[in-house]
Amino acid sequence: MTESTFTPEAAIAHLRARGVVPPDADATARSLGGGVSNHVHQVTWDDDCLVVKRPLPNLAVDDDWPADVDRVHNEAAAIRTYGAVLDDAGVAARVPRVVSETGDPDHVVAIECAPDGAGMWKAELLDGRVDAGVAAVVGEVLGVVHDATATDDAVRERFASKRPFDQLRVDPYHRTTAERNPDVADAIHDEIRRLLDTSRTLVHGDYSPKNVLVDRANGTTPWILDFEVAHWGDPAFDTAFMLNHLYIKSIHNHAQHDAYADAADRFWTAYDAAVGWDIERETVAELAVLMLARVDGKSPVEYVDGTVANALRRVAKRTLRGDAETLAAFAGLAREEAAAL
Ligand SMILES: Nc1ncnc2c1ncn2[C@@H]1O[C@H](COP(=O)(O)OP(=O)(O)O)[C@@H](O)[C@H]1O
Ligand SMILES: [Mg+2]
């Protein structure tokens, strides 16, 4: 199977060949678009629904990294780990169950669909619908998983490689941003060193509102998705990654600044209550780098204009220069900039 043949129809054929879709069932499939690095298709038949994910093997990787397509198995393993922890902890959130996983040469996983109607949290947030309760659950989920996996040797071994994290996060966000901002490059390089030297727990690696679906059919249940960059590393990367999205929106949609700032606060408070460590200072340092990276890195936020971008740069650089070491101080800088817009 080549990458170009993995159409929605190929996803149905794959599930039929695996005996997941019965031979007599009438199945339909559509592409969910997904990110730039995967084919993601939704296959439905009878009352069943699965999401089928297959990585595109086109990310720039070195020769001795055989396995860009292995990301999908990393993802399946991380989903299982999250699922087991969340089941035990009784948190009001879900990850999809892995229904089938196929190795060489296919490298495909099929996972349970979130309920119809579950929508991307990012879309709600961009519309100005800021549900701080979702932020709190999403913070609790992260804290519970970080805390539980920190003492799990099997998880440490399974997710030991930081290579995908380095290629997909440190390089495009951190190193590129340092090159483009020589005035704060030293502080960014300090943060890169700290990040790569910290190996403490299972890090999601893409913990953003784009990868949270919110099901509001029975109560409010966030579904957490997209684990391909999961690795054993620095928990402050995840806290900072999520807070960065909330603070960027608090400046972009400055008329509703307080709602986003409150959601950020609820996220952090819930996280902090669930873990046995204090990573506030590390979170602030990484948050500053990621905020600058979302303006000057290889993957800038698509919705900010020039004025907002400059405000984000000022918050990030003041923090990198030492004006803010606590989240309260960081929030103060963001509030100042939002008020001036
Ligand atoms: N289990 C699922 N149920 C419903 N929708 C899903 C599911 N998994 C993924 N999606 C949808 O497909 C999109 C892309 O999937 P994702 O795993 O995030 O892939 P990518 O790595 O390409 O971003 C998600 O943003 C979400 O909208
Ligand atoms: Mg995604």
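On the side of domain 1 that touches domain 2, helix H2 (residues 71-89) gives the most, with twelve residues; helices are DSSP runs of H or I with at least four residues, strands are E runs of at least two, and both are numbered from the N terminus.

This is a predicted model, in which local features need pLDDT of at least 70 and side-chain atom pairs count only at pLDDT 80 or more, while totals for chains, interfaces and linings use all residues. Residues are numbered from 1 along each chain as its sequence is written, and side-chain values use heavy atoms, with hydrogens and water left out.

Now let us look at the charged pairs. Between domain 1 and domain 2 there are two salt bridges, each a side-chain nitrogen of Lys or Arg within 4 Å of a carboxyl oxygen of Asp or Glu. Lys53 and Asp226 form a salt bridge at 3.0 Å, N to O. Lys53 also pairs with Glu75, at 2.8 Å. Lys53 sits in strand E3 (residues 48-55) and Glu75 in helix H2, so this pair ties together parts 22 residues apart in sequence. Lys53 counts as buried at 9% relative accessibility, and so does Glu75 at 2%; buried means under 20% relative accessible area, exposed over 50%, and partly exposed in between (1.4 Å probe, protein chains only).

Methods
Chains lettered and ligands numbered in written order.
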